[in-house]
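Me: I'm new to reading protein models. Could you walk me through a few features?
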2 protein chains.
Amino acid sequence: MVNVAMVGAGQTKYGNHPLGLKGMWAEAAEQAFASVDGDFEPRQVDEAFIGSLAFGGAQLGNTAALLTEHSGMNGVPVRRVENACASSGYALRDAWMAIKSGQADVVVAGGIEKMNDLTPERKRYWLGVSGDTEWERLAGLTFPGTYALMARRHFHEHGSSHDDLVHISVKNHLHGSLNPKAHIQKEVSFEKAASGFMVADPLTLYDCCPTSDGASCVVLAADHVARQLTDTPVWINGSGAASDHLALHDRPSITRLAATQKASKQAYEQAGITADDIDLAEVHDCFTIAELMATEDLGFAARGQGGVFARDGAGRLNEGAVTVNASGGLKSKGHPLGATGTGQAVEVFHQLRHEVTHGRQVRDAEVALTHNVGGSGATCAVHVFGREVA
Amino acid sequence: MVNVAMVGAGQTKYGNHPLGLKGMWAEAAEQAFASVDGDFEPRQVDEAFIGSLAFGGAQLGNTAALLTEHSGMNGVPVRRVENACASSGYALRDAWMAIKSGQADVVVAGGIEKMNDLTPERKRYWLGVSGDTEWERLAGLTFPGTYALMARRHFHEHGSSHDDLVHISVKNHLHGSLNPKAHIQKEVSFEKAASGFMVADPLTLYDCCPTSDGASCVVLAADHVARQLTDTPVWINGSGAASDHLALHDRPSITRLAATQKASKQAYEQAGITADDIDLAEVHDCFTIAELMATEDLGFAARGQGGVFARDGAGRLNEGAVTVNASGGLKSKGHPLGATGTGQAVEVFHQLRHEVTHGRQVRDAEVALTHNVGGSGATCAVHVFGREVA
């Protein structure tokens with residue numbers, strides 16, 4: 001079976017981006033193409049997968065083809081992949097499978113979202129409709145409320161507290177302050193993050209990710225091509241994915257995401273590693289409680305010990321066994337829905353090539369993980385990467 | 001490389017369907033599961049791909065997971081695939097690649113659209129936004145207008161006429177009258193179809209497909225599993241796909257679809273066949289002129305001779321070398337956007353197993369093709385099927 005590597009990666013700055021869909025995508029794709037070490041032309045791309053929840057304005061159908069047309073890939077077979085906020089995590093999986101299938105040697109996976117041309121009401125609608133509709137959204141539950149329920153339950157079951165969440169927020173703001181592509185590039189103090197205005201009890205402003213525009217793009221290649229294109233390929237050694245009930249009440253537990261557990265187990269097995277081998281993880285912290293649960297679900301902390309893990313600063317840059325969200329995570333780097341999954345892969349690409357600047361490089365990083373969640377856990381994709389092929 | 005077969009297929013009736021998204025999908029999926037000859041449980045599915053342009057009402061993100069949850073496949077990795085009206089043609093391609101990649105043995109590909117809970121204005125918006133936005137939609141060009149331009153140009157370049165299009169409409173209504181799953185199950189006379197009210201000159205009502213609800217689903221399996229599940233697998237011997245400029249003015253010609261030509265060439269080469277080997281073809285006749293051009297682009301008629309092909313009745317059931325749109329096609333079977341691609345595969349499944357009733361069986365059918373187009377040709381997927389593996 002053919003091995004698959006990332007050979008190029010690019011992304012826009014996340015935030016209130018001045019460009020529209022075509023401009024943002026072209027910026028990310030051109031960066032990705034330019035980052036390939038050897039001579040590389042977009043015409044070499046055999047297949048493309050672009051993730052987006054709703055693109056944002058202007059174009060509803062066939063937008064994937066519109067974007068490849070505007071980035072030198074006219075003619076390439078391309079489709080949009082949608083799984084709410086896990087859209088480009090799945091685009092990455094599907095691109096990886098396309099190469100493994102033997103049908104393509106060079107494949108683009110990317111994601112994009114334009115969120116800031118919508119009214120606040122339409123944004124709320126968008127986000128709400130990625131969870132359960134009948135029992136949650138129509139009853140008035142928004143996503144902060146959904147994750148607040150998870151937090152309250154975790155506090156109750158495991159003795160964690162809001163202070164644990166504050167530690168996560170402070171850490172991710174610190175990391176984001178070192179990332180020139182981040183939406184929010186400033187540190188916050190523990191005191192400030194602890195006293196943010198309430199959004200959905202117990203979650204405050206500093207527990208919630210911002211509303212970001214952005215695009216991200218990675219170039220994958222089959223092993224024989226990858227080695228021609230670069231001396232430092234970043235291998236995708238495992239891909240796992242799963243789905244779950246949309247409504248919280250259908251799940252046996254709301255203090256873990258079964259889809260994360262299944263997807264990571266599959267990815268670890270494929271790569272022949274365990275959580276202990278991971279040097280850095282980009283995890284889906286749409287809310288701080290989501291990162292806390294992810295550290296447990298991915299095996300970095302024991303069940304119920306995510307709060308202790310956060311309190312101990314175990315995920316801080318180069319301080320523990322694993323750096324969690326070196327990029328700043330969704331909390332600070334930003335969360336342009338469909339762009340987030342491949343945006344995590346962009347961070348891993350640079351980290352595993354040891355080329356990250358601004359004091360944000362994870363020392364001696366050899367193995368990395370990305371964790372991308374759709375909705376409140378209805379879909380999840382986990383990928384494991386290495387400097388060496390598994 | 002592993003070979004891939006269809007081992008099950010199901011679909012709802014197309015039309016004004018009384019059920020919503022979950023009900024329609026469950027009906028199609030349950031039919032598909034029940035059609036597998038051996039003992040089969042939805043839990044055996046390893047991966048799923050569901051195509052939809054916009055689902056229609058109720059749920060915007062994560063709908064693919066909602067649908068698998070409601071059809072016995074909770075937990076399976078699933079994503080929505082969107083390429084306008086070619087959404088499930090690409091879902092089929094991606095499902096096929098997932099098996100070829102060695103990552104999955106049993107994969108579901110399906111599609112769905114609920115169109116009839118929208119106001120006419122929103123329907124027009126939906127359809128319009130799958131073509132070019134800046135130069136076409138915002139200038140007032142709708143899809144009938146887009147295809148009317150293609151028709152006028154074809155008449156001008158090749159001496160075809162509206163009568164040729166009427167022959168296509170009459171043929172597809174005849175075939176649809178024999179299909180209990182079709183949206184429109186009645187024959188029309190040449191005179192009636194020739195005198196329909198004008199929609200976009202030269203296209204009349206009888207040149208345009210209806211607005212349909214519907215869902216379709218096929219079950220694919222790797223060869224070693226397929227042979228356990230059925231004695232009559234339908235092999236997918238070739239898959240081709242391509243994209244093109246969205247705007248007509250960017251294309252060298254508007255009397256052919258370059259994406260169809262590229263995709264079919266790729267599919268034929270993979271299957272080791274030519275157009276002459278095809279016994280039946282389900283082609284994307286959103287408008288009659290689209291079928292006329294498809295017969296040329298797919299190689300059934302010589303360039304410019306699609307009108308002659310239609311006039312001669314060459315695509316009529318069991319009359320020529322190839323039966324075109326035995327199901328009734330989009331014109332008569334209906335066109336629930338995202339459901340159309342895998343719906344074409346459902347027809348092929350039954351035709352190649354020689355189990356079609358109501359006098360609609362293509363005699364001695366051995367090799368078949370499906371042709372699914374997104375927008376006005378910006379995306380296209382072509383698949384070639386056989387009773388024998390290539």
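Me: Are helix 6 of chain A and helix 10 of chain A roughly parallel or roughly perpendicular to each other?

Reply: First, a heads-up: this is a predicted model, where local features need pLDDT of at least 70, side-chain atom pairs count only at pLDDT 80 or more, and totals for chains, interfaces and linings use all residues. Residues are numbered from 1 along each chain as its sequence is written, while chains are lettered from A and ligands numbered from 1 in the order in which they are written. Now, two packed helices are described by the angle between their axes and the distance between the axes. Here helix 6 (residues 162-177) and helix 10 (residues 288-297) of chain A pack at about 95 degrees, axes 9 Å apart. They are therefore roughly perpendicular (65 to 115 degrees).

Me: Which residues of helix 6 of chain A meet helix 10 of chain A?

Reply: Contact means C-beta atoms, placed from the backbone, within 7 Å. Asp164(A), Leu165(A), Ile168(A) and Ser169(A) of helix 6 meet Thr288(A), Ile289(A), Glu291(A) and Leu292(A) of helix 10.

Me: Why does Ala32(A) count as buried?

Reply: A buried residue has 20 or more other C-beta atoms within 10 Å of its own. Ala32(A) counts as buried because it has 28 C-beta neighbours inside 10 Å. You'll find Ala32(A) in helix 1 (residues 21-35) of chain A. Ala9(A) is 23 residues from Ala32(A) in sequence, yet their C-alpha atoms are 4.0 Å apart.

Me: How many residues of chain B are in contact with chain A?

Reply: 47 residues of chain B contact 47 residues of chain A.

Note on methods. Contact = placed C-beta atoms within 7 Å. Helix = DSSP H or I, 4+ residues; strand = E, 2+ residues; numbered from the N terminus. Buried ≥ 20, exposed ≤ 12 C-beta atoms within 10 Å, placed from the backbone. Axes fitted to C-alpha atoms, helices over the stretch in contact; angles between N-to-C directions. Parallel < 35°, antiparallel > 145°, perpendicular 65-115°, else oblique.
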